[in-house]
Amino acid sequence: MRDEKEEVKITEKKKKKKNKQKLKNQEEKQNEGEDKNTVKEEKDTKEKAQPQINNKKRKRKEVFPFGNYRGYYGYRIGQDMDEDPRLKVFKEEWFQGKDCLDIGCNSGIVTIQIAKKFHCRRILGIDIDPDRISDAYWHLRKFVRVEHVGKSSTKASTVEVTEKANDSEHCTTSSSAKEKELAKDGLHSAERDLFDIVSFRKENFVQSWCRPEEHYDTILCLSVTKWIHLNWGDDGLITLFSKIWRLLRPGGILVLEPQPWRSYENNHLVSETTAKNYRSIIFRPKCFTEILLDKIGFRKVEEVTSALTGSKVGFDRPIFAYHK
Ligand SMILES: C[S@@+](CC[C@H](N)C(=O)[O-])C[C@H]1O[C@@H](n2cnc3c(N)ncnc32)[C@H](O)[C@@H]1O
C-alpha cells in the first residue's frame, strides 16, 4: 500500500516536471524567429547594465505585442550595409515627387531612407507605438545633422543611425507636433528640407478615423500584416486593406511585404488576444493577392523581390506592388 502511494507521488512529481518543461519550451519557441535577435539584444544590454541584480533575480522580458520592437533595424539591416536591402528593389517612380504613407514605420529609418533616396514630395510614417515615433524623430534629426555637418557619405550616416537605433536613452513620449519642433530646434534653415518632407505620427491604423482630405500616391505596408492580423484578426486585415484602398489616389500603389503564415506561429502567444485571433484566422497570407485583386479592387500586381539580396535570414520575404 505504502509503495503504491510512493509510486503515485513520484509519477505526479514527474508529471509536474514535464509540464514545467513544456511551458518553458513553449515560451522559448514564442521568442524564436522575428523577435529572436531583439530578445537577445535586450538581454545582453540589461545584463551589461545590471550584472549584480541579474545574478539575484531575472528581469522581466520586454514584450512587443505589435511587432513594435526597440532597435529593430539594429539587427534587420546589417552593419556592413549602406541601406535596407529592400530599397534596392523599390522603383523610383513609386516615390519621386509623390505623397507617401508608411504604415508601421517603427523607428523611421526606412521611411527616412526612402525620402532621401527617391525624393518623395512628402512621406508620413505612422506607428501605433509612441516610443517608436519618438525614436523616428530622433533619427530624423540625426540624419539631417550627419548630412549637413559631416558631409559624410550616405553609408557612414546610415551605419551611425542604425547603431544608434539600439540606444533608447533619447526616447521620450510626447505629441508628434512637439517632437517635430524639438527636432528642428537648433538647425539652420537649409537643414530643414528633410523635416518638410518627412513627418511621423502616432496612430493605430486599424482604428483611426479616415480624414476625408487625406490621399496618397504610394502606401507602404512592410512587415506589418502579421501584427495587425494577430491583434485584430481577419476583420482587422480587411479594414487595413480597405482603408489603404480608400486613401490611395487612382493609379496609386500599395507596396506590401506580408509575413508568411509559418512566422505567425513564432509570435501568436505574445498576448491572449493574439493567441485567440491566431486560432480563428481564415485568410492566410497566400490569399492576400486574391483578396486585394478580387475583393478590394486593385487592378494588377507585380512581385518585385527577385532582385532582393542581402536580407538577413528570416527577412527574405516577397514584396508586392499592387496598382489601384
Ligand atoms: C515588424 S515592424 C516593421 C517596421 C517597418 N515597417 C519595416 O518593415 O522596416 C512592425 C511595426 O508595425 C507597427 N504596428 C503594428 N500594428 C500597427 C497598427 N495597428 N497601426 C500602426 N502601426 C502598427 C508596430 O508598432 C511596428 O513598429
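Predicted model: local features only at pLDDT ≥ 70, side-chain atom pairs only at ≥ 80, totals over all residues.

Colleague: How does S3 run against S2, parallel or antiparallel?

Modeller: Parallel: S2 is residues 122–127, and five bridges join S2 to S3. If you want a spot to look at, Asp-127 has Lys-202 in S3 as its bridge partner.

Colleague: What about S2 and S1?

Modeller: Those two also pair in the parallel sense, over five bridges. There, Asp-102 is bridged to Gly-125 in S2.

Colleague: And why is S1 called largely enclosed?

Modeller: Because four of the five residues in S1 (residues 99–103) are buried, the rest of the structure largely encloses this strand.

Colleague: Now the S6 end. In which sense do S6 and S7 pair?

Modeller: Antiparallel, with four bridges, and S7 is residues 320–323. Look for Glu-303, which stands opposite Phe-320 in S7.

Colleague: Switching to single residues. Where does Thr-218 sit?

Modeller: Thr-218 is in strand S4, residues 216–222.

Colleague: Is Thr-218 buried or exposed, and why?

Modeller: Thr-218 counts as buried because it has 26 C-beta neighbours inside 10 Å; the cut-off for buried is 20 or more.

Colleague: How far is Thr-218 from Tyr-322?

Modeller: They are 104 residues apart in sequence, yet 9.9 Å apart in space, C-alpha to C-alpha.

Colleague: And Asp-193, where does that lie?

Modeller: In helix H10, residues 193–197. Asp-193 counts as partly exposed, because it has 13 C-beta neighbours inside 10 Å. From Asp-193 to Val-144 there are 49 residues in sequence and 8.7 Å in space, C-alpha to C-alpha.

Colleague: On to the ligand. Which residues come nearest?

Modeller: There are 23 residues around the ligand, and Gly-67, Asn-68, Gly-104, Asn-106 and Leu-222 come nearest.

Colleague: Which elements give two or more residues to that shell?

Modeller: S2 and helix H11, which is 225–247.

Colleague: What does the shell look like by class?

Modeller: It has 13 nonpolar, six polar and four charged residues.

Colleague: You mentioned H11. How does H11 pack with H13?

Modeller: H13 is residues 272–280, and the two helices pack with their axes 8 Å apart at an angle of about 45°. That angle is why H11 counts as oblique to H13. The crossing there is left-handed.

Colleague: And H14?

Modeller: H14 covers residues 288–296; its axis and that of H11 come within 11 Å and cross at roughly 55°. So H11 is oblique to H14.

Colleague: Which hand is the crossing of H11 and H14, left or right?

Modeller: H11 passes H14 in a right-handed crossing.

Colleague: Great, thanks!

Conventions:
Residues numbered from 1 in each chain as written. Pairing = 2+ DSSP bridges. Near = placed C-beta within 6 Å. Nonpolar A, V, L, I, M, F, W, Y, C, P; charged D, E, K, R; others polar. Axes fitted to C-alpha atoms, helices over the stretch in contact; angles between N-to-C directions. Parallel < 35°, antiparallel > 145°, perpendicular 65-115°, else oblique. Left-handed = near helix turned anticlockwise from the far one by under 90°. Buried ≥ 20, exposed ≤ 12 C-beta atoms within 10 Å, placed from the backbone.
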